[in-house]
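Reader: I've got a model open and I'd like to learn how to read its features. Could you walk me through them?

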Amino acid sequence: MLLYCCYFSAVSSTLHSSSSCQLQGQFRPNGLKKAGDVVLGGLFGTHFFSTHTDLSFTSEPQQPTCHGFDVVGFRQAQTMAFAIDEINRNSNLLPNVTLGYSLYDNCLNLGIGFRAALSLTSGQDEQVALDETCVGTPPVLGIVGGSSAHCIAISTVLGLYRVPMVSYFATCSCLSDRQRFPSFFRTIPSDVFQVSAMIQILKRFGWTWAGLLISDDDYGLHAARSFQSDLGPSGGGCLAYTEVLSRAYKSAELRRIVDVMKKSTARVVIVFAHESHMINLMEEVVRQNVTGLQWIASEAWTSAAVLQTPDLMPYLGGTLGIAIRRGEIPGFREFLLQTRPDLHHNSSYGNNMVNQFWEHTFQCRFAPPPAGWVEAGGALCTGQEDLHNVETEFLDISNLRPEYNVYKAVYALAYALDDMLQCEPGRGPFSGNSCGTLQRLEPWQLLYYLEKVNFTTSFSDQVSFDENGDVLPIYDIMNWLWLPDGKIKVQAVGEVKRSIFKGEEIRLNEDNIFWNFESQQPPRSVCSESCPPGTRMARKKGEPECCFDCIPCSEEKISNRTDSTECTSCPEDFWSSPQRDHCVPKKTEFLSYHEPLGICLTTASLLGTFICIVVLGIFIYHRTTPIVSYFATCSCLSDRQRFPSFFRTIPSDVFQVVRQNVTGLQWMASEAWTSAAGLQTPDLMPYLGGTLGIAIRRGEIPGLREFLLQTRPDLHHNSSYGKNLVNLFWEHTFQCRFAPPPAGWVEAGGALCTGQEDLHNVETEFLDMSNLRPEYNVYKAVYALAYALDDMLQCEPGRGPFSGHSCGNLQRLEPWQLVYYLENVNFTTTFGDQVSFDENGDVLPIYDIMNWLWLPDGKIKVQTVGEVKRSIFKGEEIRLNEDNIFWNFESQQPPQSVCSESCPPGTRMARKKGEPECCFDCIPCSEGKISNRTDSTECTSCPEDFWSSPQRDHCVPKTTEFLSYHEPLGICLTTASLLGTFICVVVLGIFIYHRRTPIVRANNSELSFQLLLSLKLCFLCSLLFIGRPRLWTCQLRHAAFGISFVLCVSCILVKTMVVLAVFKASKPGGEASLKWFGAVQQRGTVLVLTSIQAAICTAWLVSASPAPHKNTDYHSDKIVYECVVGSTVGFAVLLGYIGFLAILSFLLAFLARNLPDSFNEAKLITFSMLIFCAVWVAFVPAYINSPGKYADAVEVFAILASSFGLLVALFGPKCYIILLRPERNTKKAIMGRGIES
């Protein structure tokens, strides 16, 4: 950092001394300079990286070094040099003034950039003399800056000294804060407008449901705040999720974010981040193959070439992005081609940027080269190399975006300087109407003109700044096009901008937009589809506003447009249509002239009319007879002009309040009658006693009574115009007349006024000082005018508020001048009341609160019981001394006055139709909803796992239901399962014990053992269906059931096939068939058939695994725990395979049922398969129509029934022979030549 130290040195032997500042340290950034009458500074990143030495704090640190030359950053610096060169050649702009520049490299490092900015503003002179008046131009008059982070730090300091900074690349919305950054301007739009532009795109395509990914810095976090505040109100959309992308590569966090994107229903993803964030993100997107998303890019990565690759285009193709405005700068390429190195000052401080570019472009080094460069075969730069012969990004001017902003920034400073130098002396905007000049130029003077800059570029873009220093915003809208030949093109498809006259507008050429979807159309991205007419939107609790359900309108109500928020009631004579989208007239029914009842009533009416006419004729004939009424109370009958002969013995309605004895009311009085003595009578106090009223503030005016006692009439100008008010008062008070008196006054005994009458001797309201209310306001009004006049007369000439800083004076006083000061009056009266006026001319209000007190002795007193006022700091406040209030009720307490009593918890308020809001009914909450506070306006739904209590005032957990081991049904099924397992074990034991007997060995004993083992598994697998469903039981139950039953049926099928093979082998020439059904083949067949079922189960579990599920559809107040099958197709294939094997076994056994008994058990197999098929055919409809736990019970019952059927049918007869008829368990009996059955 540059530091100066002021010191004093003696320059002669005299006492004369001078003051100067000395440069304490040198900072030597890479730079590019050109001298001029006025110098503009610039900060550009021409190197990617920087290296700092370690700070030991024991010695002066070395200068930082930069490496990794950035050609694009250098081109931006050259843009500023070109713009200044173009301005210097323009005779119409800044004539006779030569602009120079001083451009420094910030190496994309905040510390280096900050030091470079201070070097620009302080200068690099070793010593600067400090005169009493600073004469001459500063080192730089303004600075052109870069990114947001750099501008925030630099502008914080430059703003203190009002040094203008115009940025071409800082977009952070925080920089629009004029309090923090008073001298900051920019030619690139703020991120606030970029967010607004993205919202315009969302609205254009009807995308109301989008995800937002942001970077973990000011760029992303400020944008997120703008989206959250602007998207709902202005865009009519919602954010499905907001995730923060870290600059560091964190694979676990990226996996989580991409998983959120994949699971979300939002098909539009907005990414407000840098290209480094996108590179990390896209690696995970490609790994998880997340396609079908519409990406919206911020300007930071819209044009990122590193993302425009064939590998990423299947995912990022069709991206819509916001890009910095592209511009054209005529003559810029020719200027770049004229770039030449400085051979005489190759390593000179501050002017080496071109040489570094030259070495980077031509891969050479200027003399003297680094050590070992020539030895390693490196070339030396001659300065004669030709830029025409190299391929370099430096000369590519097809996509000038930041450069165009640099160009506009330089021209903005130039136009401001031109306006300042054209100022006419004596008519300037500064102190004493002075102007800025080249000899005494200050940066803060340029700031004034920079705020008013308004010009149009050669590319037809208007440039001007608003009150926050932001330029009129404009962005290009880009689209990533994936061409058929595999090439990638980023094309402009529109623009979004804000103009002074038209406001924000978006232009899009939709026909040119490439959509990366099969339909070649914009995707649909909404949380909930629109609600059609006849329904209303009901927001889903706990979800964004865009997520809602469509609730049909109730009877008598309709909605006739899409996305109605409420249903409107039909008019009185109409009813809702069946579709609830329009009102239809109600059927009419009335008493008609054509029906018998109507005819009878009409006849009676006409007869009564005729009788009235007859009576009227009699009364007219005898009309002078007085009428005395006993029941007519209308006050209109008291009019003697209209009713000269009317009398009544009942009082008029005028007196009915007192006469009807209407008591028990609490009256509230306005200030017009709060102090009305005419109402404060003993007759009215039983009714009006305890009245609370508002009264004008009472005040005290010291010395007013003495002043009033000095009042004297004017005897010399009694009748003169404008001076007779006191005389009229005098005549009224003393009941006399001044000479000359009116004619006949003296003759009638009237007295003449002498002017010597004494006010002390009369009782007059004029001298009553106890209740000064309007008088106190008059007193304050006079003082307000006096204070305003005093402020005006104290004005110092040349510092006044009027034209030319003039003041008002007594010689040329105008009423409108007094108005200015009257608006600012603020004083306090002797009574302690503050007096000031608001923007409407209203004083700070204050009222006294009065109470009509009826004393025990019958006297009446209107007492002050409080005050209500508004102050500047506390707002409105009321103070009441409730202990002093007189309540005209037996209870001596305030009355209760409500239209409807409060609604207790468990109910909600329902306003009574046609009555005020305070009148309502208390409606009990419906099932599943509660209200837990008094006077709830609506009932809230309980969470998914809860239900409303009987009182509807709190939520209680729903009861859970599943097939449990503890309920009778579960106990029975468990017992049956264990019993079946036990029987299988017993039968297996019997068969093992008698394994050498003929009946066991017959028809392959090994298959019998496998069959018993599979039946035991069938019995045991039913236990997986009982108990609380868990993930492993849900996954295992159907797999275990399917594999166990296939194993069982496979054994039966092989047994049947063996029977057929043996019978065929018994025939002549059939011996060869047995070799295909040996023991190995039998085992292999069983294994293959079972493996097929295992593969089906594996595929099912991998693709759509069954899982536990809380079902609330069956019962609103219960949660049914069940296992959802995951894939109905998988479950159907599993059952279908079992059924296929069972039917095949049944058909083969049926064909073999009549073979000789010597060889087969086909009849038993036929019977067992018949039972098996019957059970499972009945199972399907029973399972489909059984809700909740009963579906599990049906399946368990089917498993147990079919298992018991197979066990009994296949092994019952054999166990009977083994245990009870052992004589039949011989080879002879088995062969059919033994005992008769």
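This is a predicted model: local features need pLDDT of at least 70, side-chain atom pairs count only at pLDDT 80 or more; totals for chains, interfaces and linings use all residues.

Reader: Which residue does K34 meet in a salt bridge?

Author: The general idea is a side-chain nitrogen of Lys or Arg within 4 Å of a carboxyl oxygen of Asp or Glu. Here K34 pairs with D85 at 4.0 Å, N to O. K34 sits in strand β3 (residues 31–34) and D85 in helix α1 (residues 71–88), so the bridge ties together parts 51 residues apart in sequence. Those helices (H or I, at least four residues) and strands (E, at least two) are DSSP runs, numbered from the N terminus.

Reader: How many salt bridges does the structure hold?

Author: The structure holds 30. Some are linked up: R325, R401, D461, D476, E495, K497, E505 and R507 form a network of salt bridges.

Reader: On to rings. How many aromatic pairs does a search of the whole structure find?

Author: The search finds 45. Rings of Phe, Tyr and Trp (its six-membered ring) pair if their centres lie within 6.5 Å; planes under 30 degrees apart count as stacked, over 60 as edge-to-face and the rest as tilted. Take F1041 and W1176: their centres are 5.3 Å apart and their planes at 35°, so the pair is tilted. This pair links distant parts of the chain, with F1041 in helix α23 (residues 1031–1065) and W1176 in helix α26 (residues 1162–1184), 135 residues apart. F1041 is buried at 1% relative accessible area, and W1176 is buried at 12%.

Reader: How are the rings of F1045 and W1176 arranged?

Author: Their centres are 5.8 Å apart and their planes at 85°, so this pair is edge-to-face. F1045 is in helix α23 and W1176 in helix α26, 131 residues apart. F1045 is buried, at 0% relative accessibility. Elsewhere, ring pairs link F82, F332, F335, Y407, Y411, Y415 and F455 into a cluster.

Reader: What about the backbone?

Author: Most residues other than glycine have a negative phi, and most peptide bonds are trans. In this model, a cis peptide bond joins A367 and P368, with omega about -5°. P368 lies in the loop between β17 (364–365) and β18 (379–380). Another cis bond joins A739 and P740, where omega is about -10°.

Reader: Which value does phi of C107 take?

Author: Phi of C107 is near 55°, a positive value in a residue other than glycine. C107 is in the loop between β7 (99–105) and α2 (110–122), and is buried at 2% relative accessible area. D563 has a positive phi too, about 60°, but D563 counts as partly exposed at 26%.

Definitions and conventions:
Residues are numbered from 1 along each chain as its sequence is written. Side-chain values use heavy atoms; hydrogens and water are left out. Buried means under 20% relative accessible area, exposed over 50%, partly exposed in between (1.4 Å probe, protein chains only).
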